[in-house]
Amino acid sequence: MNIKKYFTAVLLIMIASIPLAAQEKKLASIISQFGSNLGTRFQTGMDLQSKDMPFFAREDCEVVFVNKRKPDSIQYPCGNLILLQNKSSDLRCYYSGIADDSYDEHIVSYSQGEFIGMAGNSGTNDKEILHVEMEDLENHRLLNPAIYFDVPDTKKPVINDLFFIDIHNREISLFQTKKVIRGGKLFIKCSDYITDNSSVLMPYKIDVFINGEEFCSLSFESMDKKNKAFYLSDSEKDFFALYQINSPNVFFLKEQYFLPGLLGIKVVVRDFAGNSSSYTTSFRVLPN
């Protein structure tokens with residue numbers, strides 16, 4: 001099963017939904033992204049906001065669960081929802097917030113190209129929103145929907161800061177100084193953009209090298225569920241480990257203490273389209 005082919009097809013509406021300068025109607029802006037900070041937990045999907053936005057099934061799939069708001073039925077905070085599973089039973093796609101009366105809850109399967117529904121405000125939102133989540137059943141992980149966007153993107157990610165929290169709990173920015181006492185917790189502040197600053201995405205991958213050797217890596221490709229918690233892409237970073245500092249787009253990378261000396265550090269941030277930005281500098285580790 002070609003995962004990319006399936007979701008590029010099923011999420012056809014998303015392919016044309018990122019706000020591009022040349023498009024003027026039926027566009028969606030990303031208002032909540034996979035892996036982002038929701039205060040006490042990860043965003044495990046993606047929220048797209050747009051008026052009159054349809055979505056389709058371009059791969060044969062079956063309905064696993066469906067809910068449509070009715071006065072005498074269970075009222076879900078996410079509103080109208082539908083859970084689809086592909087024919088090979090290894091991938092699921094979950095949509096919620098679907099507009100009232102835009103889809104038929106009695107349909108049990110969809111064929112390639114068949115209309116499913118429209119983005120709506122049937123949940124707790126007051127604007128037309130489509131929430132999407134993807135689950136890889138075979139590998140027991142949630143997938144980042146941004147992986148399957150086929151949107152022209154030539155804008156590089158932006159690295160805003162790289163800093164240590166040292167043993168004295170001081171923030172030492174490597175953008176401003178080159179001296180660190182022993183080391184500490186390393187953080188990065190960075191963002192990805194599609195066309196302008198209104199469409200902020202998580203980066204795809206962050207790699208850090210010290211003296212030419214890999215120091216740590218962080219990927220926003222997927223999440224693994226272990227012990228009733230989600231961990232980011234084959235790492236030990238759960239929500240509270242990643243977002244140790246409650247500041248937008250600031251991610252914890254690694255805690256490390258060094259022997260005194262001069263070290264070179266390079267950070268590479270990549271987006272889902274393959275664009276990358278890097279920052280290289282050196283810093284001197286001081287004794288206590």
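**Figure 1. The second largest pocket of the predicted model.** The second largest pocket holds about 250 Å³ of space. A pocket is defined on a 1 Å grid over the protein atoms alone, as an open set of points with protein on both sides within 12 Å along at least five of seven lines. Its volume is the space filled by probe spheres set on the grid points, which are joined across faces, edges and corners. The model is predicted, so local features need pLDDT of at least 70 and side-chain atom pairs count only at pLDDT 80 or more, whereas totals for chains, interfaces and linings use all residues. Residues are numbered from 1 along each chain as its sequence is written, and side-chain values use heavy atoms, with hydrogens and water left out. The lining of the second largest pocket comprises 15 residues, and Glu133, Met134, Glu135, Leu142 and Phe230 lie nearest the centre. Two or more lining residues come from each of β6 (91–98), β9 (129–136), β10 (141–143) and β18 (222–226). Lining residues are those with an atom within 4 Å of a point, and strands are DSSP runs (E, at least two residues) numbered from the N terminus, as are helices (H or I, at least four). By class, the lining contains 8 nonpolar, 1 polar and 6 charged residues. In this division Ala, Val, Leu, Ile, Met, Phe, Trp, Tyr, Cys and Pro count as nonpolar, Asp, Glu, Lys and Arg as charged, and the others, Gly among them, as polar.

Figure 2. Asp224 belongs to strand β18 and counts as buried because its relative accessibility is 10%. Buried denotes under 20% relative accessible area, exposed over 50%, and partly exposed the range in between (1.4 Å probe, protein chains only). The side chains of Asp224 and Arg141 form a polar contact of 3.0 Å, and the Asp224 side chain also reaches the backbone nitrogen of Asp234 at 3.1 Å. A polar contact is a pair of N or O atoms within 3.5 Å; within protein, one must be able to donate a hydrogen and the other to accept it, and residues adjacent in sequence count only if both atoms are side-chain atoms. Beyond four places in sequence, Asp224 touches His140, Arg141, Ala229, Phe230, Tyr231, Ser233 and Asp234, where contact means heavy atoms within 4.5 Å. Asp234 itself lies in the loop between β19 (229–232) and α3. Although Asp234 is not a glycine, its phi is positive, at about 55°; its relative accessibility of 61% makes Asp234 exposed.

**Figure 3. The largest nonpolar core.** This core has 35 residues, and Leu162, Ile188, Ile206, Phe251, Leu253 and Phe283 touch the most other members. A nonpolar core is a set of buried Ala, Val, Leu, Ile, Met, Phe, Trp, Tyr and Cys residues joined through side-chain atoms within 4.5 Å. At least two residues of this core are supplied by each of β11 (158–165), β14 (183–193), β16 (205–210), β17 (213–219), α3 (239–242), β20 (250–257), β21 and β22. β21 gives the largest share, 4 residues. Another core lies apart from it, with 22 residues that include Met53, Tyr103, Leu130 and Ala146.

**Figure 4. Phe187 in strand β14.** Phe187 is located in strand β14 and is buried, as its relative accessible area is 2%. Phe187 and Asp161 are separated by 26 residues in sequence and by 8.2 Å in space, C-alpha to C-alpha. Apart from neighbours within four places in sequence, the contacts of Phe187 include Asp161, Leu162, Phe163, Val250, Phe251 and Leu253.

**Figure 5. Asn275 in a loop.** Asn275 sits in the loop between β21 (261–270) and β22 (276–286) and is buried, because its relative accessibility is 16%. Its side chain reaches the backbone oxygen of Asp153 at 2.7 Å. Residues up to four places away in sequence aside, Asn275 touches Asp153, Thr154, Lys155, Lys156, Pro157, Val269 and Arg270.

**Figure 6. The largest cavity.** The largest cavity has a volume of about 30 Å³; a cavity is a set of grid points where a 1.4 Å probe fits but cannot get out. Its lining consists of Gln33, Phe34, Met46, Asn144, Ala146, Leu201, Met202 and Phe272. These lining residues divide into 6 nonpolar, 2 polar and no charged.
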